[in-house]
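Please open the model in your viewer and keep the selection panel at hand. The tour goes from the whole chain to single residues.

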Amino acid sequence: MAKITYIEHNGTEHVVDVANGLTVMEGARDNNIPGIEADCGGACACSTCHVYVDEAWVPKLPAKEAMEEDMLDFAYEPDTEKSRLTCQLKVTDALDGLVVRMPEKQI
């Protein structure tokens, strides 16, 4: 289990425990956290679960795969370093303390 902090664009923080094996997107969905729409349900077929990962966490995450890179092209104001799709981030104990920030909107 990992404690993940989701920060809405307006600054509201949600700190939740997410079970190992789920994705960061599923953790947001299961805890009714606004700002992550997840229209495709985690199939990496949209960009509506886009977040900005806290700078300290960028090097700790697995590299983006080609499909995620492609989908991020459709995200709202993507950042080449900090933008990730939460459907592609599998929760493990190593993600305990992860902080993600939602963009102003999802496209």
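For the charges at the start of this tour, Lys and Arg count as positive and Asp and Glu as negative, while His and the chain ends are not counted; the place of a charge is taken as NZ of Lys, CZ of Arg, CG of Asp or CD of Glu. Select these side chains, and you have 9 positive and 20 negative ones in the chain, with the centres of the two sets 3 Å apart.

This is a predicted model, in which local features need pLDDT of at least 70 and side-chain atom pairs count only at pLDDT 80 or more, whereas totals for chains, interfaces and linings use all residues. Residues are numbered from 1 along each chain as its sequence is written, and side-chain values use heavy atoms, with hydrogens and water left out.

Next, colour the chain by secondary structure, where helices (H or I, at least four residues) and strands (E, at least two) are DSSP runs numbered from the N terminus. There are two helices and five strands, in the order β-β-α-β-α-β-β from the N terminus on. Along the principal axes, the C-alpha atoms fill a box of roughly 30 × 25 × 25 Å. Buried residues (under 20% relative accessible area, with exposed over 50% and partly exposed in between, for a 1.4 Å probe and protein chains only) make up 45% of the 107 in the chain.

Centre on valine 24: setting aside residues up to four places away in sequence, its contacts (heavy atoms within 4.5 Å) include Ile4, Tyr6, Leu95 and Leu98.

Move on to glutamate 68 in helix 2 (residues 66-72). Is glutamate 68 buried or exposed? Glutamate 68 counts as buried, because its relative accessibility is 2%. Beyond its neighbours within four places in sequence, glutamate 68 is in contact with Cys44, Arg84, Leu85 and Gln88.

Finally, select alanine 75, in the loop between helix 2 and strand 4 (83-85). Alanine 75 has a relative accessible area of 7% and is therefore buried. With neighbours within four places in sequence left aside, alanine 75 is in contact with Ser47, His50 and Ile107.
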